[in-house]
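Here is a short report on one chain. It goes from strand pairing to helix packing, and then to single residues.

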Amino acid sequence: MMARLLARACCSKALPRGPRCPPGSVTARAWSNGPLTAYMPEAIAFPKPKDHQGLYKVSVEQGDAFWGALGRSRLTWITPFHSVQDCDLRQGRVSWFLGGQLNVSVNCLDRHVHVAPDKVALIWEKDEPGEEVQVTYRELLELTCRLGNTLKRQGVKRGDRVTIYMPPCPLAVASMLACARIGAVHAVVFAGFSAESLADRIRDAQSETVITVNQGLRGGKVIELKKTVDQAVKQCPGVKRILVSMRTDSKVPMTALDVLLEEEMMKEDACCEPAAMDSEDMLFLLYTSGSTGKPKGLVHSQAGYLLFAALTHKYVFNYQDRDIFGCVADIGWITGHTYVVYGPLCNGGTTVLFESTPIHPNPGRYWETVERLKINQFYGAPTAIRLLLRYGDEWVKKYDRSSLKVLGSVGEPINKEAWEWYFHVVGETRCPVVDTWWQTGGICISPRPSNPGAKILPGMAMRPFFGIRPSLLDDKGNVLLENNISGALCISQAWPGMARTIYNDHKRFLETYLTPYPGFFFTGDGVYRTSEGYYQLTGRLDDIINISGHRLGTAEVEDINHHVAVAESAVIGYPHEIKGEGAYVFVVLKKDSGYTQKTLTAELRELISKKIAKYAAPEYVTHRLPKTRSGKIMRRVLRKIVEDKASELGDLTTLDDHEAVQQIIEGHKLLVEGWKSC
């Protein structure tokens, strides 16, 4: 059915009236004005900056001029904006590109079809290697238009919330873009959440429509996604329809709410008039997977998010036309939203949809994919890098990685040993590694390799992106101006890509992000600013351990990963009757390391005592880690276990291995009783 849909020719009526080329026409005349305008054509509008640092200074000191020029040049507008911004963090007011109207799907599809209709937009890297599917911009536009018309015929209206529960595939991307095209709001839920968690999100978003697939395929396993949706919808009386795509040939039980998506799409016209959306209209909701309580649906708006996604994609990764961008995140996470879908497509790029796992069918999967697809930028998580490190270098060196130009790291600070392996083995010392630090919506601090001559330090995010002005604050809310100092990382002025609110709970948004430090956006992270003014993330502030009066970031202790036997680690603070808090270190050993738990424990204590201080030496060491299916360590689970609150673990639906949690619980009990091994 997918092949039949892709085989249909795209209707030219779907293309908007207006310029025949995407915005950015200043490029040709700016190219001759020096390296800065070659790097960013809009710099021609700013006569003073002579280098990259000068351009950054303009972005934070002359925000209206900077973002106004970029907004006009990089986006296609239906109605031009009359004001760049109206923002006041103290009052919780954030609005960008006021008066402007645009359509996100037009910016991601139509304008590129005008110029290069047969350029590949998506490469769907299916679960089994060698079965990839390429989708051109023309084909993706048709899928989007047919799906948009299907949604409208089913009763979906502008402003309605549509829940998408799908694995990475072309129809999942088309579903997101179809919502954007008709003015609906998509809420993508990671296709690994349980029925209960999915139901929570459907109810909170008040969705009447769910889009899913009959089954998913991941790591060689069949995942019954439609069955999960059916269970969830039993708890959601407001759902009126379930649009079901057929990912596999297997038939699944159908209900009265079900609509076969591909069959309905074949009946629809390939032209769908794009809705004119205000800049600050909702584009999507994305829910966090918090430990307890009501799901937190962060709201992102149209123009500001799209512009920031496109700029960070281009400048953080030095993306060039004809590059193939490989972000291996699931589209159910914000990384997938921004750097699989919206950023690359807004830039007219070719982006990879990765459906599988890092070790299916073997630990060389990532690098075989790089060789076969000729990927130029690879963006993955430190946890996956550390996992692959355990299998040795041979799985990497087996494949040709000469196409790679940039390597990226996302999700948490990358430890030095993993960074070094990523740089030396995967990237062969020729690919810069960009350790990216986020706030939901996009990258805010990164080394930025596209800045010629900028040095990059191992495992450090380093430099703020354009328009991002970091501030360090102490416990009393005082701004720390000096270098060589640690503090709470805040951002002192609004930026276009930031979340606007929590859906139906603006009070919670204010209390979480804007009230703790009035006038600043509180990120929840701790940071160390070096003598050179670079930023080193030290972990979440709730991951700070206070040992004998010394505040210690867990990331500092986790640097034990450079020990020859350690593949990765996680550190949790726990109550200590003498020190106040102690350090509980969870360690994953490399295969065939030759170490016993007892000898490793002794060496790690000695190592941390020497590297940091004797007070930081861990009290306990164990060797298992619970992770999500996307590879992120579930530190909140570890913390609950360490606090002897194993009955309060919260939402475990994204957990990859439930048996590991039970092993940790049992091992912790033994340790508390005086045993020194699991």
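Trp124 stands opposite Leu353 in strand S17. This pair is read from a predicted model. Strand S4 covers residues 120-125, and S17 covers residues 350-354. The two strands run parallel and are joined by 4 bridges.

## The open sheet

S4 and S17 belong to an open sheet of 7 strands. The strand order is S5-S4-S17-S16-S18-S19-S20, with mixed pairing. Which strands stand at the edges? They are S5 (133-136) and S20 (433-435). Each has a single partner strand, so one side of each is left without a neighbour in the sheet. From one strand to the next, the twist averages 20°. Strands of a sheet pair through backbone hydrogen bonds, in either the parallel or the antiparallel sense.

## Helices across the sheet

Helix H13 (residues 334-346) lies across S4, S16 (324-327), S17 and S18 (377-380). Its direction is at about 155° to S17. Helix H14 (residues 365-373) also lies across S4, S16, S17 and S18. H14 runs at about 145° to S4.

How many residues of H13 are buried? The count is 13 of 13, so the helix is mostly covered, given that buried means under 20% relative accessible area. Just after H13 comes Gly348, with a positive phi of about 70°.

Val113 and Gly348 are 235 residues apart in sequence. In space, their C-alpha atoms are 9.2 Å apart. Val113 lies in helix H6 (residues 104-115). Val113 is buried, with a relative accessible area of 6%.

Strand S11 (residues 241-245) is another mostly covered element: 5 of its 5 residues are buried. In a regular strand the side chains alternate between the two faces of the sheet. Are the faces of S11 covered or open? Both are covered. Arg241, Leu243 and Ser245 are buried on one side. Ile242 and Val244 are buried on the other.

S11 pairs with strand S8 (residues 209-213) in the parallel sense, over 5 bridges. In that pairing, Val210 stands opposite Ile242 in S11. S11 is also joined to strand S12 (residues 258-260) by 3 bridges, and these two run parallel as well. Here Leu243 stands opposite Val259 in S12.

## Two helix pairs

Two packed helices are described by the angle between their axes and the distance between the axes. The table gives both values for two pairs.

| Helix pair | Angle | Axis distance |
|---|---|---|
| H9 (residues 195-205) and H10 (residues 225-233) | about 55° | 8 Å |
| H15 (residues 382-389) and H17 (residues 416-426) | about 75° | 10 Å |

Start with H9 and H10, which pack at an angle of about 55°. That makes H9 oblique to H10. H9 passes H10 in a right-handed crossing. On H9, the contact is made by Ala195, Leu198 and Ala199. On H10, it is made by Thr228, Val229, Gln231 and Ala232. These contact residues divide into 5 nonpolar, 2 polar and no charged.

Next come H15 and H17, which pack at about 75°. The two are therefore roughly perpendicular to each other. H15 brings Ile385, Arg386, Leu388 and Leu389 to the contact. H17 meets them with Glu417, Ala418, Trp421 and Tyr422. The residues of this contact divide into 6 nonpolar, no polar and 2 charged.

## A buried glutamine

Gln439 is found in strand S21 (residues 437-439). Is Gln439 buried or exposed? It is buried, because its relative accessible area of 9% falls under the 20% limit. Which residues does Gln439 touch, not counting those up to four places away in sequence? They are Cys444, Ile491, Trp495, Phe521, Thr523 and Asp525.

## The chain as a whole

The secondary structure comes to 22 helices and 33 strands. Of the 678 residues of the chain, 62% count as buried. Among contacts with a separation of 6 or more, 70% join residues 24 or more positions apart.

How values were computed. Residues are numbered from 1 along each chain as its sequence is written. This is a predicted model: local features need pLDDT of at least 70, side-chain atom pairs count only at pLDDT 80 or more; totals for chains, interfaces and linings use all residues. Side-chain values use heavy atoms; hydrogens and water are left out. Buried means under 20% relative accessible area, exposed over 50%, partly exposed in between (1.4 Å probe, protein chains only). Contact means heavy atoms within 4.5 Å. Axes are lines fitted to C-alpha atoms, for helices over the stretch in contact, and angles run from 0 to 180 degrees between N-to-C directions. Angles under 35 degrees count as roughly parallel, over 145 as roughly antiparallel, 65 to 115 as roughly perpendicular and the rest as oblique. A crossing is left-handed if the near helix is turned anticlockwise from the far one by less than a right angle, and right-handed if clockwise. Ala, Val, Leu, Ile, Met, Phe, Trp, Tyr, Cys and Pro count as nonpolar, Asp, Glu, Lys and Arg as charged, and the others, Gly among them, as polar. Two strands pair if DSSP finds at least two bridges between them.
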